[in-house]
Amino acid sequence: MSTPGHLVWRLSMKWRVAVDRALAPVGLTHAQYVFLASLLDLQREQAPSQRELADHTGLEALYVSKLARTLDADGLIERTRDPADTRSVRLALTVRGHEVVEPAIATVGALLDRMLAPLGGRRGDRTEALTRELTLLLDTPLEGT
C-alpha cells in the first residue's frame, strides 16, 4: 500500500519527467522552465531578486543562482545588481527569453490539461479541491518535526 508521501513523490517525479520530455525540443529542463515561467509572472510588477524568485519557486537560492548564470549565458535572462542593495541581483527576461518561455508555457499547459482531465480539467471541482488540499500541505511547516 502506498503512503501519501510516496504518492506525492511519484506524482512529482512523473510530472518532472513529462515536462523535461515535452520541453527537450526547445532545450529547457523542468527547473529552467519553472525559473523562466516564474520570472515572467513575477516581473510584471518589477524585476525580482534571485532571493524573491527562489522563495516563489521553492527552489534553493544556490540552485536559482546557478540557473541564473546558465540562463544569462544562454541569453534568456539578464542579471543586474540592484542599485539600492548591491548584494542583491535583479532578474529580467530578455526578448529571446520571452520567445522561448511563452510557447513553453503553452506546451506545459497542454500537458497539465492531459494530467488533470480525469479530475474534470483545470477548472473542475475536483481539481479545485485538490489544489486547496495541496496548498494546505505546502503551507504546513515541517521544520522541527
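The model is predicted, so local features need pLDDT of at least 70 and side-chain atom pairs count only at pLDDT 80 or more, while totals for chains, interfaces and linings use all residues. Residues are numbered from 1 along each chain as its sequence is written, and side-chain values use heavy atoms, without hydrogens and water.

I begin with confidence. The chain has an average pLDDT (the predictor's confidence in each residue, from 0 to 100) of 93, and 99% of the residues score at least 70. Strand β2, residues 85-93, has the lowest confidence, with a mean of 90, and α5 the highest, at 97. Helices (H or I, at least four residues) and strands (E, at least two) are DSSP runs numbered from the N terminus.

I turn to the helix pair. Helix α2 (residues 30-42) packs against helix α3 (residues 50-57) at about 110 degrees, and their axes are 10 Å apart. The two are therefore roughly perpendicular, a term for angles of 65 to 115 degrees. In this contact (heavy atoms within 4.5 Å), α2 contributes Val34, Phe35, Ser38, Leu39, Asp41 and Leu42, and α3 contributes Glu52, Leu53, His56 and Thr57.

Finally, the largest pocket has a volume of about 2,200 Å³. A pocket here is an open set of points on a 1 Å grid where a 1.4 Å probe fits, with protein on both sides within 12 Å along at least five of seven lines; lining residues have an atom within 4 Å of a point. Of its 43 lining residues, Ser12, Trp15, His30, Leu134 and Leu138 are the closest to the centre. Helix α1 gives the largest share of the lining, 10 residues.

Notes
Axes fitted to C-alpha atoms, helices over the stretch in contact; angles between N-to-C directions. Parallel < 35°, antiparallel > 145°, perpendicular 65-115°, else oblique. Points joined across faces, edges and corners; volume = space filled by probe spheres on them.
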